[in-house]
Amino acid sequence: KIVMKKGILIFLLSLTSLLVTHSVFSQIRKIPSNATENLKQKYPTAENVEWKDAVSHFTAKFKLDGKDYEAHFDSDGNWKESMVKVEQAELPDAVKDGLAKSKYSDWEIGKVEKIESGDKVRYRLQVKSGDIKKKILYFTPEGKLTKDSTTLWF
């Protein structure tokens, strides 16, 4: 019994040590000043900015005009893309029309996001039919469905 208790204690201490080391390690990289400057330049009125090191890139979450935004920057601090949740009513008429003419016209719309990358804008719609069929649809501002992918999350 004593050997087993010592084994469990050693395991728990090792696990705790690993978790602490991981959380400290994940915070080692400093947010590049280029990223913070690029965010200020692109979104000068951004508020409540919170940065996160996502290992392959940096993410800034912030508020702008009352909406929650997320912007991604590469390891050198260059802006890659931004996304903001939008209401279904805010979708361009062309996107609403494109959805209405698609095979997903009678699917229920969940989360809707506007994604900006470079000079390109896309709209990402999470849709579902019943409890099992779920898709993520990507539309151009002109209403063209460019991609539909199956998703396991919603």
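This section describes the sheet, helix packing, nonpolar core and salt bridges of a predicted model. Local features require pLDDT of at least 70 and side-chain atom pairs count only at pLDDT 80 or more, whereas totals for chains, interfaces and linings use all residues. Residues are numbered from 1 along each chain as its sequence is written, and side-chain values use heavy atoms, with hydrogens and water left out.

Eight strands form an open antiparallel sheet in the order β1-β2-β3-β4-β5-β6-β7-β8. Helices (H or I, at least four residues) and strands (E, at least two) are DSSP runs numbered from the N terminus, and two strands pair if DSSP finds at least two bridges between them. β1 (47-53) and β8 (145-150) stand at the edges with a single partner strand each, so one side of each has no neighbour in the sheet. On average, neighbouring strands are turned by 20° against each other, direction ignored. Four bridges join the antiparallel strands β4 and β5; Val 84 stands opposite Lys 114 in β5. α3 lies across β5, β6 and β7 and runs at about 140° to β7 (axes are lines fitted to C-alpha atoms, for helices over the stretch in contact; angles run from 0 to 180 degrees between N-to-C directions).

The buried residues of α2 are Ala 35, Asn 38 and Leu 39 (buried, under 20% relative accessible area; exposed, over 50%; partly exposed, in between; 1.4 Å probe, protein chains only). They fall within an arc of 100° seen down the helix axis, so they line one face of α2; the arc is that of the directions from the helix axis to the C-beta atoms. The face turned away from the buried side carries the exposed residues Ser 33, Lys 40 and Gln 41. The cover over the buried residues includes β1, β2, β3 and β4, contact meaning heavy atoms within 4.5 Å.

The largest nonpolar core has 25 residues (buried Ala, Val, Leu, Ile, Met, Phe, Trp, Tyr and Cys residues joined through side-chain atoms within 4.5 Å). Its largest share, four residues, comes from β2. Leu 39 is among the residues with the most contacts inside this core.

The structure holds nine salt bridges (a side-chain nitrogen of Lys or Arg within 4 Å of a carboxyl oxygen of Asp or Glu). In one of them, the closest N and O atoms of Lys 42 and Glu 116 are 3.2 Å apart. Lys 42 lies in α2 and Glu 116 in β5, so this pair ties together parts 74 residues apart in sequence.
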